[in-house]
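Here is a short briefing on the salt bridges and overall build of one protein. Have a look at the structure, then read on.

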Amino acid sequence: MENNYLQINKNSWNKRAELHFGSEFYDVKGFLEGKSSLNSIELELLGDIKGKSVLHLQCHFGLDSLSLSRMGAVVTGVDLSDKAIELARELNEKIHSNSEFICCDIYDLPNQLNQKFDIVFTSYGTIGWLPDMDKWAQVVAHFLKPQGKFVFAEFHPLVWMFDDDFRQIEYRYFKSAAIETSESSYAETNSEKEAFVSWNHGLGEILNSLVQNGLQISSLEEFDYSPHDCFNHTEEFEPGKFRIKHLGNKIPMVYSIVAEKH
Ligand SMILES: C[S@@+](CC[C@H](N)C(=O)[O-])C[C@H]1O[C@@H](n2cnc3c(N)ncnc32)[C@H](O)[C@@H]1O
């Protein structure tokens, strides 16, 4: 199964893209009415992006990419799912954005795209689908201009160690063999289960991959909440901030990294 992870994940993400497009969680209607899909964590790190070129890795069906475009950036979004990219292109036309969308595995992107960017951005639910962090960091570094900025917000590896109900530790913190699961969507919890192949990546592995590929880390932050309500047993303790009710503020749920290419 591990050897075939791209095909397995692509099939399942194709199904999820269609399901997610109509979900309350993704709120396409709100987006079309002008709402941004971005959260304060990444907005603060991105700062003013007017006129900047942004490469958005693992863009799903483009809500975040197009929210960046509405902020004045010139955006290229990339995703493995052809269904997600088709939907992103439809939204792009609908809101009269000039964003570009490319369908490919991000490891193959250097063969598909010949351009450098001011900012590379990726967020929430991305690196877990990738087996090799060194290869990922190579892609990030490859597409950044000198002095370019990498902005990354992701669920904390500690969160992925738990069982679905956050009652016990089920997986290793450190990367090991692929984790093969069958899951309903976080956006439509009663949806049919789909097969996925994923990996957990500890913070040391991620930071070292970036540093070893020539990036200088300028910030690493950990947050005791998630801006997305995508886990079981959550409570919204402040507007837009979610925690696992029985764990409260004891665990980190999200981290962010900003790094620069020198
Ligand atoms: C959770 S979503 C993206 C996160 C984004 N925050 C969102 O929710 O819209 C994960 C995305 O990664 C994409 N993906 C998974 N493996 C990939 C790969 N190897 N290359 C490119 N995209 C990939 C999936 O198709 C999916 O659209």
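D118 and K145 form a salt bridge, with their closest N and O atoms 3.0 Å apart; the term stands for a side-chain nitrogen of Lys or Arg within 4 Å of a carboxyl oxygen of Asp or Glu. D118 lies in strand β4 (residues 117-123) and K145 in strand β5 (residues 144-155), so the pair ties together parts that are 27 residues apart in sequence. Please keep in mind that this is a predicted model: local features need pLDDT of at least 70, side-chain atom pairs count only at pLDDT 80 or more, and totals for chains, interfaces and linings use all residues. Residues are numbered from 1 along each chain as its sequence is written, and side-chain values use heavy atoms, with hydrogens and water left out.

**Salt bridges**

- The count of salt bridges comes to 10.
- K10 pairs with D82 in one of these salt bridges, at 3.7 Å between the closest N and O atoms.
- Because K10 sits in helix α1 (residues 5-21) and D82 in helix α5 (residues 82-94), this pair ties together parts that are 72 residues apart in sequence.
- D224 and R243 meet through their side chains in a salt bridge of 3.2 Å, N to O.
- D224 belongs to the loop between β8 (215-223) and β9 (234-238) and R243 to strand β10 (residues 241-244), so parts 19 residues apart in sequence are tied together.
- A network of salt bridges links E18, K83 and E86.

**Exposure of the partners**

- R243 is buried at 13% relative accessibility, whereas D224 is partly exposed at 28% (buried is under 20% relative accessible area, exposed over 50%, partly exposed in between, with a 1.4 Å probe and protein chains only).
- K10 is partly exposed at 23%, and D82 is partly exposed at 37%.
- K145 also counts as partly exposed, with 31% relative accessibility.

**Overall build**

- The protein has seven helices and 11 strands; these are DSSP runs numbered from the N terminus, helices being H or I of at least four residues and strands E of at least two.
- Of its 262 residues, 52% count as buried.
- The C-alpha atoms fill a box of roughly 45 × 40 × 40 Å, taken along the principal axes.
- Among contacts (heavy atoms within 4.5 Å) between residues at least 6 apart in sequence, 72% join residues at least 24 apart.
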